[in-house]
Amino acid sequence: MSYKDALKEFFGEDCLLNEPMSLHTTYRTGGPAEVYVYPQTPEGWEFVLKLARTENIPLRVVGFGSNILVGSRGIGGITCSTKKMNRILVEKDTIKAQAGAPLDKVAELACKAGLAGMEKLSGIPGSVGGAVYMNAGAYGQETADCLEYFDIIDLEGRPATLLKSDLKFSYRKVEGLPPCIILSAGFKLSPGNFTQLLAARSQVQHSRVEKQPLEFPSAGSVFKRPVGDYASRLIDEAGLRGLSVGGAKVSEKHAGFIVNFNHATPEDIKILMDQVRQKVKEQFGVELELEQILWGTFDE
Ligand SMILES: Cc1cc2nc3c(=O)[nH]c(=O)nc-3n(C[C@H](O)[C@H](O)[C@H](O)COP(=O)(O)OP(=O)(O)OC[C@H]3O[C@@H](n4cnc5c(N)ncnc54)[C@H](O)[C@@H]3O)c2cc1C
């Protein structure tokens with residue numbers, strides 16, 4: 001039996017073939033995933049990991065696709081989505097959430113429960129797993145700040161619990177993480193006033209609407225902040241606001257974002273990323289580092 005048939009037999013409707021990644025990424029563009037599955041149980045993960053190992057098939061995990069650009073020719077192998085693993089449990093001053101739970105929902109529940117530490121993460125459109133993996137953050141708060149531990153399964157199918165102190169978290173980076181799937185995360189919060197926390201959440205939400213081009217598909221900030229500066233400031237000063245390639249454009253509202261304003265192909269976006277990086281390097285001598293992740297094969 002082919003590995004695709006084996007996955008179809010095990011996962012049934014939770015296994016899709018040639019699934020367009022434009023449906024699973026916030027850029028709303030991208031070629032197909034050869035196989036797209038929704039594992040939801042330890043047995044499901046063990047099955048797909050074992051199959052990938054024994055058949056030597058590449059395997060990836062996607063949360064909400066809010067930091068990924070997939071090439072037009074798509075991605076080979078197996079792409080696993082955590083989207084159907086989305087339970088959240090609030091207990092005293094801790095919250096345990098599965099990897100596919102929306103980070104924003106966890107932040108909302110924390111505020112409503114009068115628990116401080118996640119309110120500034122409101123509005124980040126990623127999953128809990130993606131937020132831990134990227135150490136997502138905003139307005140001076142990072143996922144790692146309140147993270148206590150997280151549960152993983154490694155590529156050999158072995159489960160483990162990692163403590164925050166086992167790893168080194170820094171700006172949009174986690175060091176020491178073995179190749180693995182993050183299954184759930186536990187957050188330890190501090191007592192706070194729920195009216196104030198909801199007000200802080202609402203302020204962050206307003207600020208995002210005001211400053212970010214949320215009316216267009218994007219994947220947030222394209223580049224990391226260079227030390228002591230902002231990528232958006234450099235891009236703006238280089239006169240690149242509004243620069244476009246095909247249906248992709250450097251946002252006029254926030255120069256740190258590239259938006260898909262008119263049926264952009266992944267290649268439009270990638271070419272624009274390269275142009276921005278090159279022009280900023282020419283003008284300021286600064287090498288911008290991509291925050292977004294490129295997956296699969298792009299057309300030449
Ligand atoms: C409008 C907008 C605003 C944004 N604002 C912010 C912001 O303020 N701050 C910020 O930090 N980011 C921001 N982002 C970027 C993005 O939301 C974050 O990086 C988020 O953490 C990505 O989560 P995700 O679930 O979408 O991950 P994905 O994009 O699906 O994946 C990102 C990476 O994480 C890995 N991954 C995902 N889930 C798992 C898992 N369970 N186990 C192991 N690896 C996993 C993937 O393999 C991939 O390498 C923004 C994006 C948009 C579109």
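Strands E11 and E12 form a hairpin in which four residues lie between the two strands, and glycine 157 in the turn has a positive phi of about 90 degrees; helices (H or I, at least four residues) and strands (E, at least two) are DSSP runs, numbered from the N terminus. The model is a predicted one, in which local features need pLDDT of at least 70 and side-chain atom pairs count only at pLDDT 80 or more, whereas totals for chains, interfaces and linings use all residues. Residues are numbered from 1 along each chain as its sequence is written.

Strand E11 (residues 147-154) is joined to E15 by seven bridges in the antiparallel sense, with serine 184 in E15 as the bridge partner of aspartate 151. Strand E7 (residues 94-98) also runs antiparallel to E15, to which five bridges join it, and here lysine 96 has glycine 186 of E15 as its bridge partner.

The domain assignment of the protein chain gives domain 1 (3-81), domain 2 (88-211) and domain 3 (231-289), the bounds coming from an automatic or database domain assignment. Domain 1 and domain 2 have C-alpha centres that lie 24 Å apart, and their contact takes twelve residues from domain 1 and 13 residues from domain 2, where two residues are in contact if their C-beta atoms, placed from the backbone, lie within 7 Å. On the side of domain 1 that touches domain 2, the largest share, six residues, comes from H2. The residues of that side divide into five nonpolar, four polar and three charged; Ala, Val, Leu, Ile, Met, Phe, Trp, Tyr, Cys and Pro count as nonpolar, Asp, Glu, Lys and Arg as charged, and the others, Gly among them, as polar.

Helix H3 (residues 103-112) and helix H6 (residues 194-211) pack at an angle of about 150 degrees with their axes 8 Å apart, an arrangement that makes H3 roughly antiparallel to H6. In this second pair, Ala107, Glu108, Cys111 and Lys112 of H3 meet Phe194, Leu197, Leu198 and Arg201 of H6, and the contact has five nonpolar, no polar and three charged residues.

The ligand is surrounded by 32 residues, of which Gly63, Gly126, Gly129, Gly130 and Gly220 are the closest; a residue is near a molecule or strand if its C-beta atom, placed from the backbone, lies within 6 Å of it. Because domain 1 (3-81) and domain 2 (88-211) both give residues to the shell around the ligand, the ligand lies between them. Strand E3 (59-62), helix H4 (128-134), strand E9 (137-138) and strand E15 (180-188) each supply at least two residues of this shell, and H4 gives the most, with five residues. By class, the shell has 17 nonpolar, 14 polar and one charged residues.

A further open sheet has three strands in the order E17-E18-E19, with antiparallel pairing, and its edge strands, E17 (244-245) and E19 (258-260), each pair on one side only. E17 pairs with strand E18 (residues 248-250) in the antiparallel sense over two bridges, and lysine 249 in E18 is the bridge partner of serine 244. Helix H8 (residues 266-284) lies across E17, E18 and E19, running at about 25 degrees to E18.

How values were computed
Two strands pair if DSSP finds at least two bridges between them. Axes are lines fitted to C-alpha atoms, for helices over the stretch in contact, and angles run from 0 to 180 degrees between N-to-C directions. Angles under 35 degrees count as roughly parallel, over 145 as roughly antiparallel, 65 to 115 as roughly perpendicular and the rest as oblique.
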